[in-house]
Amino acid sequence: MHTLKRYKWTWLLLALALGMALYLVIQSLDLGKKQLPVIGEVQDFSLENVDGKQVTLADTKGKARLVYFFFTECPDVCPITTYMLSQTQDLLVKDGSFGKDVEFVSISFDPKNDTREAIKTFADRFHADYNGWYFLRGDQEQVRQLAADSFKVLIYGNDKDNFAHANLIGLVDPENRLRGLYDAGDTENVTPEFLAGALKKLAPN
């Protein structure tokens, strides 16, 4: 008993050291991180790509995806957010996952003004890599419903002069489940590095 009392601080420090070592091992194995919640299922869609081909949800299944709703004549948040996505793209191109394990889907909700040519001009401003980045357009009401039902993104107005929309980026897993919604305006936390990391957590490889 006397020995235990004499060395109690040594034992306490040893226990703390062992606890810290165990914590670091768990962190390194990614076992201590919470799983991303399943927010909902993404409904099927068929929309037109900039090359004139129809793209469906099934065409992108099996990869982790970021989904963003925009219009090309947006005066503020859309180009800023698309630029952030282009920076995220650059990070993923460097590690070889872009177009292979992860993809982006940007969907216009202004079919009147956002022709295929207008969208491609917009996308080219941000050096979009079309091997892993879809820029889609379709019926306005169909897109509005997809945004609201699958991504909790509300879009108001019906033309470029009165649009208002939630500036959210959706994270979709390979099984077409919504796993995250990120406020693109929160630039302190939602960064290219953060988005790339979120995708890699869900990527198949």
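This is a predicted model: local features need pLDDT of at least 70, side-chain atom pairs count only at pLDDT 80 or more; totals for chains, interfaces and linings use all residues.
## Overall make-up

The chain has 205 residues, of which 43% count as buried. Its secondary structure consists of seven helices and 10 strands.

Among contacts with a separation of 6 or more, 71% are between residues 24 or more positions apart. The chain exposes about 11300 Å², and carbon and sulfur atoms supply 56% of that area.

## Strand pairing around E10

Strand E10 (residues 177-183) is antiparallel to strand E1 (residues 40-41), and two bridges join them.

E9 and E10 form a hairpin with four residues between the strands. Asn176, in the turn, has a positive phi of about 65°.

## The cavity

How many cavities of 30 Å³ or more are there? The count comes to one. The volume of the largest cavity is about 40 Å³.

The lining of this cavity is made up of Val42, Phe45, Leu57, Thr60, Arg65, Val67, Val105, Phe151 and Val172. Helix H3 (57-60) and strand E4 (64-70) each contribute at least two residues to the lining. By residue class, the lining divides into seven nonpolar residues, one polar and one charged.

Note on methods. Residues are numbered from 1 along each chain as its sequence is written. Side-chain values use heavy atoms; hydrogens and water are left out. On a 1 Å grid over the protein atoms alone, a cavity is a set of points where a 1.4 Å probe fits but cannot get out, and a pocket is an open set with protein on both sides within 12 Å along at least five of seven lines; lining residues have an atom within 4 Å of a point. Grid points are joined across faces, edges and corners, and a volume is the space filled by probe spheres set on the points. Ala, Val, Leu, Ile, Met, Phe, Trp, Tyr, Cys and Pro count as nonpolar, Asp, Glu, Lys and Arg as charged, and the others, Gly among them, as polar. Buried means under 20% relative accessible area, exposed over 50%, partly exposed in between (1.4 Å probe, protein chains only). Contact means heavy atoms within 4.5 Å. Accessible areas come from the Shrake-Rupley method with a 1.4 Å probe; for residues, only the protein chains shown count as cover. Two strands pair if DSSP finds at least two bridges between them.
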